Amino acid sequence: MHKSLGRRFSRRGFLAGTGAAAVGITFAPKVGWGVEEPKLNFYNWDTYIGETTLGDFSKAAGIEVKMDLYADNDELFAKLKEGNPGYDVIVPTNDYVERMLAAKMLLPINRGLITNFKNIDPAFQDAAFDPGRKHSMPYMWGTQGIGYRKSAVSSPPDSWKVLLDSDEYSGRIALLSEGIIEAALKYLGYSYNSTDPGEIKQAEALLIKQKPHIKVFAEDNGQDLLLSGEVDLTMEWNGDILQVMEEDDDISYVVPKEGSNVWQDCLCIPAGAPHPENAHKFINYILDAKAGAAIAEFIYYATPNKASRALLGDDYNKNPAIFPTEETLARCEPSLYLGEKLERIREESLTRIFAA
Amino acid sequence: MDAPDGRRDLPPIILLVVYSFNDSRRNIVWRGFTFKYYEKAWNTESLIEAFVNSLAIAVVNTAVATILGVLVAIALWRFRFPGKAAYEGFMMLPIVIPEICMGVAMMAFFARVGWPTGLPWPLTLSNIMIAHIAFSFPFVAVTVRGRLVGFNRELEDASKDLGASEWQTMRYIVLPYLRPGIIAGALIAFTLSLDDFVITFFTAGPNSVTLPVKIFSMVRFSVTPEVNAASTVLIVITVIATVLAMRFQSPSRRAGGEEG
Amino acid sequence: MESWRKNPVVFWLLNLPPAFWLFVFFLVPLGIVWVISFGEKRGVIDIEITWTLANYVRAVEPLYLEIFWKSIVMAGIATLACLIVGYPVAFAIAFAPERLKAILLIAVVLPFWINALIRTYALIAVFRSRGSINFGLEWLWEQANALLGLVGLGELALLGEKFVPVPLLYNNTAVTLGIVYAFFPFMVLPLYANIEKIDRSYIEASLDLGAGQWRTFFSVIFPLTWHGVLSGVIIVFVPALGAFFIPDLLGGTDSQLIGNVIERQFKSANDWPFGGALSFLLMYLTFGALALRAAVSGRKQGLEA
């Protein structure tokens, strides 16, 4: 009785201050650890896991997995900010891993339990945003660039100029509603993570000037606009464009020559996770060579798992839209968490761009 | 990119139904007829669970919010009391507040009071139900009050003069008169609850996902036929439920008299 | 209206449950955000309550005031459109045979029992360049051209060389339409409840006395349903002010409304104090408008009495 009471209530100190709670809080972690109920709550993006991965894991480990979906990092962050409502494994992007670390919202990962860590490409075994990989495990990575309709452009739009500083395709361009200031900074020759208000101001002016030629600031659905013929060029993430390339041969993807954003989604355990031990088992399972290969093959994103890649064919491994060349990658930057003050400067800039 | 035929000028909802049979992972170009997304939606346990959650929340919400809304409407119509204007103003707040602000407020509230999360089934939905009732009963109150404004007060007085008790007057005079207002209000409450995404998103936990929350996260990337299939099923079920409800209701309506 | 003292038991029975709910499950949560709106950010999630007014000062900068104004105009136009379309519908339902009424009411709300987002996406499928409406227009264009060809004017290409799709999406008109579509039942339902109670004999009397259809409508029916109109206008206009995913999905590059700005503060910008300040400013504005309306209608009632 104490056991279950403790597990249910202790996390938020529902009965804090009463004697019952004191019992619950002292006993719950000890009792709970080791005899964790065989459940796991996984909070993930949609279409971002293998077709049978969850079922396979349940069979192998005897743990029932429940997956909920979120649509962007901001939602994930907002949802966990006031306290974890019960999730065990989440998949934030690198800059949000950094932000959550700054807010102490992640639990450390016990490397001893992640035996499959050796499968990871050495290049991903450490990360600037999480030194020593203490709180995150790499899941998938990719780039941001331009998706376009081949028959509608005179030449491949390999520069941000086509989208941000030209009237050649006026009215046929979609930009994403996030990350545009960063892309404009890159086009202007500054860092993707510029902290200089003057440079941000220049990016803002460029975007306001370009607005008459832009059809829409899309949510994360530029690929749909492209496929339906609503626009001929769109700023998008590579994975999204790859999915529509399967449906339509006339669509292609390019990383602009000025460089762009390279991102990495990570598996993390949020603070307050009710089943941390199961979470470790689950993360370890995903890093398994075969399981990882099945996921990568299904969702078509670049995996950092070397052992998984060895199991996959050239279709996947040599696809330039999944794995850009070293040269292209060298021009890309990860987005960094730059502190709350800069978030505000960018947010105000964005408001002015949309209002203009 | 060939123009798909046979879909000209269809109303949005019908288009949605049609496209649930589309044999394409995406919903943009027609690629042939299939049932497979129904099979898929049916096999997606979480979709069904979300659907059941949504319905349970909407039903409880409609019952409680309608009662609370009618109480407020009658109280405001009948009584004069100090601070009435302010009270009325506060009652309007849930209508006035931006959804996202209320969602965040609810999330902060439940996190701070430490609302328990690991409860057994209908109780896991309790915080969403509470939030839904809080924002929907003022809508009911506004609707019912609109109806009450022209009510002939003499009827009430006559009833009391003739010796009817407070309760009898309410039951046989006021409520029958209010009926269309109550029905309209209840429909609004049901609709608001079934349709709400923002506030639910912020109050939902891993075991209390509703259909709109589920669909929202799926749809943000692309509208798959699976989503259309789930929505079509939802429409069919609600139509059947409504028809049945109306069937069951009609005899009692006759008995309830013609006033209204 | 009687004084509450006359019947305190009934008074408390009626008021206690809703007042309790409102206070505990609405005002207290809202109070948290209200307090936060006087706070300052100290870190990623730390907010210190310093009772500063800085967030409110920032919220009344011209940048935000313009967005407020734009939202008011858009919500106003959408509400008016809702009223113009909704009134005849409500009227038809109210005067329909008893048997049909329930079915018609359900027909109005039924589309709203599937997700708002899906509905908006369905709207996109209809409106987009290669959507139903444009396909319909293209068909008409072809027919018209064929007709012109028949009468020997084909070579002149009077209707242009090629059909140009009408841009129905990604502009402010699309946003207005989207809002009308989204809030339609909230206009129809209160109107229905009010129109339904009109005493038919008034209408007959007016018509018998020689007033035309129009005159009967504007000087008899409409004034009698005035309260329903007000209820409908309030519950459409006010939530429409805070709409955000409709402009997100249907709007063009200049369709940012205050709801979008508020949403970003609570999400990507992670600035709850400012988001709270903007939300409360919006609420104060709405309250001002409502108080004004109460004052106006109060005077009107006074005149009538």
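**View 1. In which sense do strand 1 of chain B and strand 1 of chain C pair, and over how many bridges?** The two strands, residues 79-80 of chain B and residues 2-3 of chain C, pair in the parallel sense over 2 bridges. Pairing requires at least two DSSP bridges between strands. Strands are DSSP runs (E, at least two residues) and helices are H or I runs of at least four, numbered from the N terminus. B:F79 stands opposite C:E2. This is a predicted model: local features need pLDDT of at least 70, side-chain atom pairs count only at pLDDT 80 or more, and totals for chains, interfaces and linings use all residues. Residues are numbered from 1 along each chain as its sequence is written, and chains are lettered from A in the order in which they are written.

**View 2. Chain B in contact with chain C.** Here 72 residues of chain B contact 73 residues of chain C. Contact means C-beta atoms, placed from the backbone, within 7 Å. The chain B side has 53 nonpolar, 9 polar and 10 charged residues. Nonpolar covers Ala, Val, Leu, Ile, Met, Phe, Trp, Tyr, Cys and Pro; charged covers Asp, Glu, Lys and Arg; the others, Gly among them, are polar.

**View 3. Surroundings of C:Y192.** C:Y192 touches B:A184, C:A90, C:I93, C:A94 and C:L105, not counting residues up to four places away in sequence.

**View 4. The loop at C:F95.** C:F95 lies between helix 3 (62-94) and helix 4 (98-109) of chain C. C:F95 counts as partly exposed because it has 13 C-beta neighbours inside 10 Å. Buried means 20 or more other C-beta atoms within 10 Å, exposed 12 or fewer, partly exposed in between; C-beta atoms are placed from the backbone.

Note on methods: Two residues are in contact if their C-beta atoms, placed from the backbone, lie within 7 Å.
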